Amino acid sequence: MAIVWVHIDALDSDHPVMRRGDRAVFVWDAEDMERRGWSLKRCLFVHECVAEMGVEVIAGRTEEVLGGLGEPIVAAETPDPALKAIIKALDIETVPGKPFTALPPGTDMGRFFRYWNQAKRSAMTHSFNQ
Amino acid sequence: MLPNDTRRPNKKQPRACPPRKHCVSAPAPIHNDPITLETSRDAAVAQVRALCPHLADDDTDVSPIRGGQVSARDYLLAIDPVQYSRSRNHLDGAVTRLSPFIRHGVLSLADVRDEALSTVPAIKHAEKFVQQLAWRDYWQRHYARLGERIWEDIEPYKTGFEASDYAANFPTDIARAETGVAAIDHFLRQLIETGWLHNHARLYVAGYVCHWRKVAWQEGARFFLKHLLDGDPASNNLSWQWCASTFSHKPYFFNLENLQSFCGPDVDTNYKNNKALAGSYEDLHARLFPNLPPQERQERKPSTKRHKRAHH
């Protein structure tokens, strides 16, 4: 089993990635929060989400903390470029979340309604029926 | 250009984006041992302050929206997709306030979609609701492709101005909710004090910042990301670009009559306190975009069709 890196884009005990490890770690990276420009209320909201999850919390720079854990790491997929850079640097395996919609390859993303015309059928279908 | 002119000198140069490592505070001490997070709010606030030395002393506002799955479930069970579709553009409409939880993955879009479909008598009644969820999915897909380029103009402005004509700093009076335009100041105070703002109010603020004040959308986007609990560069920046016209066919603007038709009684929309917003659409178009051809006179009812991107 691996260590699950719980990051700011997936504060969900029910995310599929949580079933892939036997230890879950959130890194309280104050430098990253400063870089993102977050106010007190934003940091507090994340704090409350993480506290309720009951996962292990370690303060420090994310890459240094994770790099020092010495175990394979898995994490939820994310589009965030800063998180993706850490995932790439530490060769972290990613796990997708619950699917919202299925798009055919080559879908025109130039404007929303071109996307919606392709996404609508699966987006309007309950997960049980997908 | 004057020596102290803050406009961007080179329109092709990307604006500064949040990752600015040179201005990060001295590193906080690294604790290799796990820490235990406080669960009462007062203790949690004190702990966040201790863990985040960069927070300013005057940054004291905390949101009435609490983080966590218990809180998220309460909001989720309260959704009403039918009422939402009827009233979502009104500032006192049946919006859900789920966006902070969706942004941080406490709830997935699939979770919310499934709950919405299970509460309606027929699937078609949830379509508007699910379509608004899809906006987030749409923005996230763009973010995955763009990365940090999400801070750059996707297309040129369609306002008759160059990108370099827009101020590259955020005016202090806007940051302090002291613009003198009563409705805008109301929205800004709500943003600063609660970390949440109705989507329509976000559009009003963004339109005001970009077109009345000629401030670059990046500056407004960064201000929103500081305060919005649901702020993420995907939905936030691309919505700002939509208002600015760098990701749409035309700039988003509004007038006082439109504002009055969507605001509840708690917002001061009196003419004498909002004069800058008053006027017909064609008059405002001529005033805000003097380099563009005049807009043809048209009966423009307070429309919901230009307000697509609800933040649930």
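**Exercise 1. State which residue just after helix α2 of chain A takes a positive phi, and check the length of that helix.**

Just after α2(A), the residue with a positive phi, about 70°, is Gly54(A). The model is predicted: local features need pLDDT of at least 70, side-chain atom pairs count only at pLDDT 80 or more, and totals for chains, interfaces and linings use all residues. Residues are numbered from 1 along each chain as its sequence is written, and chains are lettered from A and ligands numbered from 1 in the order in which they are written.

Helices (H or I, at least four residues) and strands (E, at least two) are DSSP runs, numbered from the N terminus. Helix α2(A) covers residues 40-53, which is 14 residues. The expected span is 1.5 Å times one less than the number of residues. For α2(A) this should give 20 Å, and the end C-alpha atoms are 20 Å apart, so the two agree.

**Exercise 2. Find how many residues of α2(A) are buried, and what α2(A) gives to the side of chain A that touches chain B.**

A residue is buried if 20 or more other C-beta atoms lie within 10 Å of its own, with C-beta atoms placed from the backbone. In α2(A), 14 of 14 residues are buried.

Residues are in contact if their C-beta atoms, placed from the backbone, lie within 7 Å. The contact takes 55 residues from chain A and 66 residues from chain B. On the chain A side, the elements that give two or more residues are α1 (30-36), α2, β3, α4 (81-89) and α5 (112-123). The largest share, 13 residues, comes from α2(A).

**Exercise 3. Give the strand order of the open sheet in chain A and identify its edge strands.**

Strands pair if DSSP finds at least two bridges between them. Strand β1 (residues 2-6) pairs with β2 (residues 21-28) of chain A in the parallel sense over five bridges; Val6(A) has Phe26(A) as its bridge partner in β2(A).

Next, four bridges join β2(A) to β3 (residues 56-59) of chain A, again in parallel. Here Val25(A) is partnered by Glu56(A), and Val27(A) by Ile58(A).

The five strands of the open sheet follow the order β3-β2-β1-β4-β5 (chain A), with parallel pairing. Each of β3 and β5 (93-95) of chain A pairs on one side only, and these are the edge strands.

**Exercise 4. Describe how helices α10 and α11 of chain B pack.**

Helix α10 (residues 217-227) and helix α11 (residues 233-244) of chain B pack at an angle of about 145°, with axes 9 Å apart. Axes are lines fitted to C-alpha atoms over the stretch in contact, and angles run from 0 to 180 degrees between N-to-C directions.

Notes. A residue is buried if 20 or more other C-beta atoms lie within 10 Å of its own, exposed if 12 or fewer, and partly exposed in between; C-beta atoms are placed from the backbone. Two residues are in contact if their C-beta atoms, placed from the backbone, lie within 7 Å.
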